[in-house]
Amino acid sequence: MSSYAARRTALREELQAANLDALLVTNLLNVRYLTGFTGSNAAVLIGADGDDVFCTDGRYLTQSAKQVPDLERLIDRPCDTALASRAKGRLGFESHHVTVDGLDELTAASPKAELHKAGGLVEKLRLVKDEVEIEALRMACAAADRALAALIGHGGLRAGRTEREVARELESRMLDHGAEGPSFSSIVAFGANSAVPHHSPTDATLRTGDLVKLDFGALVDGYHSDMTRTLVLGRPADWQRDLYDLVARSQAAGRNALEPGVKVSDVDRASREVIEKAGHGNEFLHGLGHGVGLEIHEAPALSKAGAGTLSAGMAVTVEPGVYLPGRGGVRIEDNLVVRESGPELLTLTTKELVVV
Ligand code: ZN
Ligand code: ZN
């Protein structure tokens with residue numbers, strides 16, 4: 001059975017538990033997850049009894065035949081109402097995705113069905129990655145690791161370069177190493193700019209003694225990687241080394257807390273208390289991490305307010321940071337997979353303080 005067929009089988013169990021006869025999947029990422037289709041317009045109707053119908057428009061006639069050979073295919077437009085018109089009985093729809101107007105259209109198109117809110121059913125499955133997904137994440141992380149090594153190895157971090165130049169080089173090197181593209185707009189921050197958690201690259205130039213914060217990732221087979229490393233150009237000052245060591249200890253505590261059954265809020269706590277004890281709790285103002293997969297930010301949220309527990313197969317980031325306004329900040333971020341045998345690290349770039 002293909003991984004897509006296995007995912008559809010798992011979804012059928014969710015449909016039966018929710019007492020639904022079918023689910024109309026309109027979120028394109030969820031369609032991709034369930035079928036392998038990568039085009040820009042599609043929907044799929046998943047039947048509780050195994051009758052699935054995939055729909056796309058004429059632009060994707062050939063592509064869909066290749067990517068979705070195992071499902072009945074409908075070429076029509078719009079796909080949501082075309083599929084809804086075939087449904088009978090209790091029809092779930094993705095209520096977190098369908099608009100209010102869209103619901104009116106679905107209702108009008110499906111006189112033989114009774115529509116029920118069923119938001120988040122596919123996302124619930126996506127929380128736990130299968131090995132095909134984890135391999136794609138591994139490749140996405142490897143592309144980012146290799147791009148950073150090449151950037152440093154080729155002297156890409158040198159005094160006088162701008163944040164924008166470094167961001168462009170990093171992104172181009174990720175393409176060289178197998179990425180389809182960057183997984184989000186790269187954050188490149190020099191000196192005091194590193195104290196801004198989500199700084200957008202500017203024409204600011206790199207100077208000796210600056211902290212260099214790089215937060216970036218690669219997209220491979222639709223899966224995102226997300227890594228942050230903070231380096232120093234030239235000899236680090238004592239405060240930079242101290243700040244780095246603190247964040248590194250906090251990050252290790254967060255990684256070590258990743259175990260199946262652990263509350264996500266407790267993972268945040270394990271990492272955060274290291275920073276709080278050092279008196280920097282007010283300078284760590286974001287959550288510890290997030291799930292990563294077909295989306296750059298997905299469930300579970302590893303944060304104080306995060307609900308739920310970890311399961312084996314979840315892919316998450318661990319990314320504490322301490323930001324000293326006007327001086328500089330350090331964040332260290334890895335991608336990991338929760339495993340029974342201990343977390344699997346996917347981002348392999350060293351976490352020793354790199355001095356360029
Ligand atoms: Zn990041
Ligand atoms: Zn992140």
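Two zinc ions sit 3.2 Å apart here, with Asp226 bridging the zinc ion (ligand 1) and the zinc ion (ligand 2). What you are looking at is a predicted model, in which local features need pLDDT of at least 70 and side-chain atom pairs count only at pLDDT 80 or more, while totals for chains, interfaces and linings use all residues. Residues are numbered from 1 along each chain as its sequence is written, chains are lettered from A and ligands numbered from 1 in the order in which they are written, and side-chain values use heavy atoms, with hydrogens and water left out.

Let's take the zinc ion (ligand 1). Its protein donors are Asp215 (OD), Asp215 (OD), Asp226 (OD) and Glu333 (OE), at 2.0 to 2.5 Å. Donors here are N, O and S atoms within 2.8 Å of the metal (3.2 Å for Na, K and Ca), and since water is not among the atoms, sites may look incomplete. The angles among the four donor atoms of the zinc ion (ligand 1) run from 56 to 149°, and the site is irregular. Along the sequence, the donor residues of the zinc ion (ligand 1) are spaced D-x10-D-x106-E. Asp215 in strand E9 (residues 211-216) and Glu333 in the loop between strand E17 (328-331) and strand E18 (334-337) are 118 residues apart, so this pair links distant parts of the chain. Helices (H or I, at least four residues) and strands (E, at least two) are DSSP runs, numbered from the N terminus.

Now for the partner. The zinc ion (ligand 2) is held at 2.1 Å by Asp226 (OD), His290 (NE2), Glu319 (OE) and Glu333 (OE). Why is its arrangement irregular? Because its four donor atoms subtend angles of 77 to 155°. The spacing of these donors along the chain is D-x63-H-x28-E-x13-E. Buried means under 20% relative accessible area, exposed over 50%, and partly exposed in between (1.4 Å probe, protein chains only).

Asp215 turns up again in the largest pocket. This pocket is lined by 20 residues, and Asp215 is among those nearest its centre, along with Ile187, His198, His297 and Arg331. Its volume is about 280 Å³. On a 1 Å grid over the protein atoms alone, a pocket is an open set of points where a 1.4 Å probe fits, with protein on both sides within 12 Å along at least five of seven lines, and lining residues have an atom within 4 Å of a point. Grid points are joined across faces, edges and corners, and the volume is the space filled by probe spheres set on the points. The lining has five nonpolar, ten polar and five charged residues.

Next come the salt bridges, 28 of them in the whole structure; each is a side-chain nitrogen of Lys or Arg within 4 Å of a carboxyl oxygen of Asp or Glu. Glu298 takes part in two that are worth a look. One joins Glu298 to Arg126 (3.1 Å, N to O). Glu298 lies in strand E14 (residues 298-302) and Arg126 in helix H6, so this bridge ties together parts that are 172 residues apart in sequence. The side chain of Glu298 also meets that of Lys129, at 2.5 Å, N to O, and both of these residues are buried. Asp130 pairs with Arg7 (2.8 Å, N to O); Asp130 is partly exposed at 22%, whereas Arg7 is buried at 6%.

Most residues other than glycine have a negative phi, and most peptide bonds are trans. The peptide bond from Ala299 to Pro300, however, is cis, with omega near 0°, and Pro300 belongs to strand E14. Another cis bond runs from Arg77 to Pro78, with omega near -5°. Asp221 is not a glycine, yet its phi is positive, about 50°.

How values were computed. Tetrahedral: all angles 85-135°; square planar, octahedral: opposite > 155°, others 65-115°. Nonpolar A, V, L, I, M, F, W, Y, C, P; charged D, E, K, R; others polar.
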